[in-house]
Amino acid sequence: MTIDSGFKHITVLLDEAVEALAVRADGCYLDGTFGRGGHSRLILQHLGPQGRLLGFDKDPQAIATGQALAAEDGRFVIVQRSFAELGAEVAERACPARSMASCSTWACPRRSSMTPSAASVS
């Protein structure tokens, strides 16, 4: 059973925030407070096939929304963690700082479940 509260989320400063990012088509981005995905969806619209977006949230409803988005778009991964744990998550995904410009490994599983060859960064 689903409960419809009648609540509609309106993303604040959506265009301004994403415009300020100056999204590169092949860039890697982190959404520290995924929520209902308003900013993430717009970032994904600006990303090319090589771009990646990693979303964070702790709320189970946000995670469900993020999982649906990830199923639609392979460039996106949702993580149920606090944005305060961004650094740890990126490290667990074997994503060194230099991968900000080249991030093909961001869509990979966590390091603990990777094979040695999958963990290498090109």
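Which handedness, left-handed or right-handed, does the crossing of H1 and H2 have? In this predicted model, the crossing of these two helices is right-handed. Helix H1 spans residues 14-21 and helix H2 spans residues 38-46, and the two pack with their axes 10 Å apart at an angle of about 45 degrees. H1 is therefore oblique to H2.

On the H1 side, the contact is formed by Leu-14, Asp-15, Ala-17, Val-18 and Leu-21. The residues contributed by H2 are Gly-38, His-39, Leu-42, Ile-43 and His-46. Classified by residue type, the contact of H1 with H2 comprises six nonpolar, three polar and one charged residues.

H2 also packs against helix H3, which covers residues 60-72. For this pair, the axes lie 11 Å apart and the angle is about 15 degrees. Because angles under 35 degrees count as roughly parallel, H2 and H3 are assigned to that class, being roughly parallel to each other. The crossing in which H2 passes H3 is right-handed.

The contact between H2 and H3 involves Ser-40, Arg-41 and Leu-44 in H2, which meet Thr-65, Leu-69 and Glu-72 in H3. By class, the residues of this contact divide into two nonpolar, two polar and two charged.

Methods:
Residues are numbered from 1 along each chain as its sequence is written. This is a predicted model: local features need pLDDT of at least 70, side-chain atom pairs count only at pLDDT 80 or more; totals for chains, interfaces and linings use all residues. Side-chain values use heavy atoms; hydrogens and water are left out. Axes are lines fitted to C-alpha atoms, for helices over the stretch in contact, and angles run from 0 to 180 degrees between N-to-C directions. Helices (H or I, at least four residues) and strands (E, at least two) are DSSP runs, numbered from the N terminus. Angles under 35 degrees count as roughly parallel, over 145 as roughly antiparallel, 65 to 115 as roughly perpendicular and the rest as oblique. A crossing is left-handed if the near helix is turned anticlockwise from the far one by less than a right angle, and right-handed if clockwise. Contact means heavy atoms within 4.5 Å. Ala, Val, Leu, Ile, Met, Phe, Trp, Tyr, Cys and Pro count as nonpolar, Asp, Glu, Lys and Arg as charged, and the others, Gly among them, as polar.
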